[in-house]
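Have the structure open beside you as you read.

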Amino acid sequence: MRLDQTSDLWWKNAVIYCLDVETYLDGDGDGVGDFGGLIRQIDYLAGLGVTCLWLMPFYPSPNRDDGYDISDYFGVDDRLGDFGDFVDLVRTANDRGIKVIVDLVLNHTSDEHPWFEEARARRDSPKRSFYVWRDEPSDEPKGIAFPDRETSNWELDEDTGQYYLHRFYRFQPDLNLANAAVRDEIAKMVGFWLQLGVAGFRMDAVPFMLELDGIAEQVEGDPHGWLRSLRAFACRRTGDTMLLGEVNTGLKDLARFFGDEDGDQLNMQFAFLLNQNLWLALAREDAEPLEATIRSLPQPPPDNGWATFLRNHDELSLDKLTGPQREEVFAAFGPEDGMRLYGHGLRRRTASMLGGDGPRLRMAWSLMLSLPGTPVIFMGDEIGMGENLDIPDRMSVRVPMQWSDDANGGFSTAPAKELVRPMTGGAFGPAKVNVAAQRREPDSLLNWMERLIRRRKESPEFGWGASELIETTEPALFAHRCVWQGSVVVAAHNLSGESVRCTLELGVQKGEKVQIDDLLEERRHEPGTDGTLDVELGPYGYLWLRVRRQGERALS
Ligand code: GLC
């Protein structure tokens, strides 16, 4: 393997960790997490094996959508710290081999952003065209992001008598990306944060940002052309900038967001279709939905890739499944009404849905970390945190980090009622699930995750290689092989609670003498002379193997 080649396209073998500074660690005791607190935990993250931090929005904001309603793109929310703290974080993280990417929310601003305040002041305001206005509301674009709170994507501005577009909440007016002055401001933002040392951006709501339905008459030029030019600009500033897009859209459009075969738009996209079908496969204990999705997804261009995840900070969206499929996932993982959201999602976290730490949860992580792409872990999932359903809508999963069994889970020394968000309690609360206890327990989820992440990083075949599904006779078994520069790894996951036996095709010539290294456990495997291996996997069992050809060095 030419490992030296893995350093330039750093995102293809990265382990990304998403966190919200506000709920990570409160360094100054005011009840709100801050950069000072996060900096203290950088060595924790380095120890876990994280190579890239994705910071959720930390900009000045009225905080009506947890910071996704930005009122100043060139600032730091002063509850969290200042620019000096931000730069200290980036510098400390970089020193520990961790890159930092930040959320870039370009689809909309807050309605308290000075641009919008100016824009709505009068119809002939120079900032009016920073946003999208109409005399009459429209039923385009279709689809309402938050149907519990909004009924239209257009809101009347009483004073000026026109409607403005808002794809999300009414307090998040959509920016008019067709306006060259808006594009200039965006380039300025991207340049600004790159200069402060970030390695890239998690781009919010990309398809909404680029969509033309209902506003086409106001747009000149191809929005994908703009995305391409943004990427080119970012790479002129810093050659290895990574753009990771939130693209939850249908199959036929996905390749375009990479830039088709040129790969010159988003370097990475979150694999939403894969995620939704993975949860369906887990619910059914049947690998077929996952296999069918992998077969149907476009192959990313060589320098691009998928970002894989089990859960993120939003609802587990199941919007691309059929109604009956969604019901299957609801029945398995969200049996109560209060666990569901918007009719298509679940407001629960990975560990609570999979019954807490145990073989099923570990199998799901092992599967996620071995899928083609770059894994993204949501804060607290490495210890198996759960949600707090008393917190409304999507915020139920965004609970503060649980560092210990101290008051407030060690997150903050402030009185509980002053916390930025309540903690979780019960079986998943800090008394039962916390970092301090799991550090001391060799077989804890935390220590197991650390070992798994280390193996994942040492096995670039998973992130870089061509992946092929391995057919078996067991419906519950998901098996695949990744080949990179002649090196072969094989992974097998039993999605069911029953043991399975099967024969795996190792992808080597008949008669070729190979040995098998078990990448996760002390197990011996004797391959047959016909290039196959018989394996038995217990309930929710999993295994990762490397096929070693004659003359190749054994693994440590
Ligand atoms: C994205 C974010 C979500 C936010 C929305 C509006 O979907 O992930 O949390 O509310 O965009 O910015």
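## Cavities, pockets and cysteines

The count comes to three cavities of 30 Å³ or more. A cavity here is a set of points, on a 1 Å grid over the protein atoms alone, where a 1.4 Å probe fits but cannot get out, while a pocket is an open set with protein on both sides within 12 Å along at least five of seven lines; lining residues have an atom within 4 Å of a point. Grid points are joined across faces, edges and corners, and a volume is the space filled by probe spheres set on the points.

This is a predicted model, in which local features need pLDDT of at least 70 and side-chain atom pairs count only at pLDDT 80 or more, whereas totals for chains, interfaces and linings use all residues. Residues are numbered from 1 along each chain as its sequence is written, and side-chain values use heavy atoms, with hydrogens and water left out.

The second largest cavity has a volume of about 70 Å³. Its lining includes Cys 18, Trp 54, Arg 202, Glu 246 and Phe 378. Strand β14 (residues 374-378) gives the most to this lining, with three residues; helices (H or I, at least four residues) and strands (E, at least two) are DSSP runs, numbered from the N terminus.

In the table, Ala, Val, Leu, Ile, Met, Phe, Trp, Tyr, Cys and Pro count as nonpolar, Asp, Glu, Lys and Arg as charged, and the others, Gly among them, as polar.

| Space | Volume | Lining residues by class |
|---|---|---|
| Largest pocket | about 890 Å³ | 14 nonpolar, ten polar, 16 charged |
| Second largest pocket | about 720 Å³ | nine nonpolar, six polar, 14 charged |
| Second largest cavity | about 70 Å³ | eight nonpolar, one polar, three charged |

The largest pocket is lined by 40 residues, and Phe 168, Phe 208, Asn 248, Asp 319 and Lys 320 lie nearest its centre. Two or more lining residues come from each of α6 (206-210), α8 (251-258), α9 (272-284) and β11 (316-317).

In the second largest pocket, 29 residues form the lining, and those closest to the centre are Ile 516, Asp 517, Asp 518, Arg 523 and His 525. Helix α15 gives the most to this lining, with six residues.

Next comes the ligand. Residues around the ligand (a heavy atom within 4 Å) include Asp 65, Phe 168, Arg 202, Glu 246 and Arg 398. Arg 202 and Glu 246 also line the second largest cavity. Polar contacts are pairs of N or O atoms within 3.5 Å; within protein, one must be able to donate a hydrogen and the other to accept it, and residues adjacent in sequence count only if both atoms are side-chain atoms. An N or O atom in the side chain of Asp 65 sits 2.6 Å from a ligand oxygen. For Glu 246, a polar side-chain atom is 2.9 Å from an oxygen of the ligand, and for Arg 202 the value is 3.1 Å.

Finally, the cysteines. There are zero disulfides (pairs of cysteine sulfur atoms within 2.5 Å) in the structure. Cys 235 is in no disulfide, and the nearest cysteine sulfur, in Cys 52, is 15 Å away. Cys 482 is buried at 0% relative accessible area, whereas Cys 235 is partly exposed at 23%. Buried means under 20%, exposed over 50% and partly exposed in between, with a 1.4 Å probe and protein chains only.
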